[in-house]
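Here is a short tour of one model, taken a piece at a time. Have the structure open as you read.

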Amino acid sequence: MKQRPIWNAHVAGAVLGLVLLLTFVLTGHGLGASGAPTAIAAATSNVVAPSATEANGYLGWMVENGRNPLDTWIIWEVVGVAIGALAAAWWSGRLHLRVDGPPRARAPGRLALALTGGIVSGFGARVAAGCTSGLGLSGSATLATAGFVFLIGFFGAGLATGLLTRGMWK
């Protein structure tokens, strides 16, 4: 399949803003993603060790009174994003299985970097009580101070990481 051009960044940003606005209007909450892995962890933990999960201060509220942590809007949002991303990659002719990363690193090193970055980002999102979409995008859209503080920290950490790893990209 022939590759189609990617969207202009300004058009994509405007569409994302409209999607965020529609999400607020139609559902009463913004976008997010980091709550989905937490809900999956709570559901898995509840199958393996229900009493320990119920007693857990972090996951317990998700399973109390027989609640199903997977029965939440954020799970469906993340599933929709995954399906949409796959469809967009296929439609644009860019659906390929490959391991991207620094040219100086081989596939195992690239995967290790991605795993480390994912774990650190996920931990940071849970500590901050939101990810770039939930706290940064939706929080900033509602003019929440925490959203702007998060974005400043997120971009600062990205800049520092980029400076520390730029030699790997040459």
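## Threonine 23 in helix α1

Threonine 23 sits in helix α1; helices here are DSSP runs of H or I with at least four residues, numbered from the N terminus. With a relative accessible area of 15%, threonine 23 is buried (under 20% is buried, over 50% exposed, and partly exposed in between, using a 1.4 Å probe and protein chains only). Setting aside neighbours within four places in sequence, threonine 23 is in contact with Gly28, His29, Gly30 and Leu31, where contact means heavy atoms within 4.5 Å.

This is a predicted model, so local features need pLDDT of at least 70 and side-chain atom pairs count only at pLDDT 80 or more, while totals for chains, interfaces and linings use all residues. Residues are numbered from 1 along each chain as its sequence is written, and side-chain values use heavy atoms, leaving out hydrogens and water.

## Valine 15 and phenylalanine 155

Valine 15 also belongs to helix α1 (residues 9-27), and its 31% relative accessibility makes it partly exposed. Phenylalanine 155, in helix α8 (residues 145-165), is exposed at 58%.

## Where α2 meets α5

The axes of helix α2 (residues 35-48) and helix α5 (residues 73-92) come within 9 Å and cross at roughly 115°; axes are lines fitted to C-alpha atoms over the stretch in contact, with angles from 0 to 180 degrees between N-to-C directions. Gly35, Ala36, Ala39 and Ile40 of α2 make the contact with Ile74, Ile75 and Val78 of α5.

Key:
Helices (H or I, at least four residues) and strands (E, at least two) are DSSP runs, numbered from the N terminus.
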